[in-house]
Structures are given as structure tokens and as C-alpha cells.
Amino acid sequence: METELKPSDLQSIQQKITDLNNDFCYYLDHSMVDELVDLFCEDALYTHGQRTSKGREEIRQLFENRRGGKHRTSRHIQSGLRIQLKDTGRVTAQSVCLTFGADAQPPVSPATPYLVADFIDEYKLCDDGRWRICRRHIERIFVAEDNTGPEGANSKKGL
């Protein structure tokens with residue numbers, strides 16, 4: 001028997017997914033790798049262009065390499081979250097992420113967008129009661145001239 005959700009349940013799920021995405025951007029921008037990795041399911045799939053990371057350990061390695069000894073200043077601004085409920089424990093969503101980034105100390109000038117990308121996501125309600133990213137695919141829409149591709153895909157820079 002299928003459980004019908006009340007509007008307040010749907011609002012609660014949307015708020016939790018919004019908070020999760022806000023945390024993703026904040027943790028990424030502040031090199032908080034442990035917190036960032038904890039936003040993903042154990043068996044998550046995280047893709048960006050040709051780069052594919054499967055599971056938390058590969059995702060951890062990606063983000064460890066991203067900060068790898070250099071000073072990276074970035075800000076990710078996510079907007080336009082559109083959620084589709086699959087069932088009480090799974091949703092899909094799409095949003096837009098605007099990225100500013102540079103291998104420099106702030107303040108960075110000029111403030112030129114580095115990437116505008118669609119995030120195509122699937123989220124899962126885990127056994128501990130927390131929503132996590134089950135799948136995230138980053139689809140590049142607008143790309144700065146000096147953006148050579150996603151981190152970890154045989155490039156020096158990326159999201």
C-alpha cells in the first residue's frame with residue numbers, strides 16, 4: 001500500500017534537500033572534506049564530464065586532491081532547485097550551480113564566472129534518517145576560457 005504524503009511532508013523534504021545542497025556548496029568552498037563526503041551515500045555516483053567517482057572513498061580522494069597543497073578560493077551558488085518525489089525515501093532534482101574559482105588568495109579580481117552547470121541529482125533517505133546524495137551528474141553549460149575541465153579528469157582545474 002502506497003503512503004500518501006501531506007503537503008507539509010513534501011515541504012519538509014524540499015527544505016532538507018535545499019539544506020543538503022547549501023551544505024555541499026559551503027563544505028566544498030571551505031575544503032571541509034570529511035563533512036562534504038558525509039553528504040554522499042556509501043555507494044554514491046558522482047560524475048562531471050568524463051570524470052566518474054564511485055563510492056565515498058573515490059569521492060573523498062577527488063576532494064582531497066582538489067585541495068592538494070594549493071590555495072583554492074571558490075564560491076558555489078546553487079539555485080533553481082526542482083524536485084520530483086519518486087517515493088517517500090527517494091527524490092530526483094535538478095538545479096543550477098554558478099561557480100567562481102581561482103588558485104589564489106582572496107580577494108580575487110576580476111570576479112568572472114568560472115562555470116555555470118546543471119546539477120542532475122538523485123537523493124536517498126538513509127537508514128540514519130538523513131537525506132544524502134545518491135547520484136550527482138554535473139553538466140557544463142557555460143564555461144570560462146581558462147576552465148580546462150573538471151578536477152580529476154586529466155586537468156589542472158575544475159569544480
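Residues are numbered from 1 along each chain as its sequence is written, and side-chain values use heavy atoms, with hydrogens and water left out. Because the model is predicted, local features need pLDDT of at least 70 and side-chain atom pairs count only at pLDDT 80 or more, whereas totals for chains, interfaces and linings use all residues.

The chain contains 3 helices and 6 strands, where helices (H or I, at least four residues) and strands (E, at least two) are DSSP runs numbered from the N terminus. Read from the N terminus, the order of elements is α-α-β-β-α-β-β-β-β. The C-alpha trace spans about 55 × 30 × 25 Å along its principal axes. The radius of gyration (taken over C-alpha atoms) is compared with a globule rule of 2.2 Å times the number of residues to the power 0.38. For 159 residues a compact globule would have a value near 15 Å, and the chain, with 16 Å, agrees.

Of the 159 residues, 40% count as buried; buried means under 20% relative accessible area, exposed over 50%, and partly exposed in between (1.4 Å probe, protein chains only). Contact is defined as heavy atoms within 4.5 Å. Among contacts between residues at least 6 apart in sequence, 53% join residues at least 24 apart.

A nonpolar core is a set of buried Ala, Val, Leu, Ile, Met, Phe, Trp, Tyr and Cys residues joined through side-chain atoms within 4.5 Å. The largest such core has 30 residues, of which F24, F40, Y46, F63 and Y123 touch the most other members. At least two core residues come from each of helix 1 (7-29), helix 2 (33-37), strand 1 (40-48), helix 3 (55-67), strand 4 (90-102), strand 5 (115-125) and strand 6 (131-143). Helix 1 supplies the largest share, 7 residues. With residues up to four places away in sequence not counted, Y46 touches F24, F40, R51, T52, S53, I59, L62, F63, R136 and I138.

V108 lies in the loop between strand 4 and strand 5. The relative accessible area of V108 is 34%, so this residue is partly exposed. Residues up to four places away in sequence aside, V108 touches T73 and A102. The C-alpha atoms of V108 and I141 are 23 Å apart in space, and the two residues are 33 apart in sequence.
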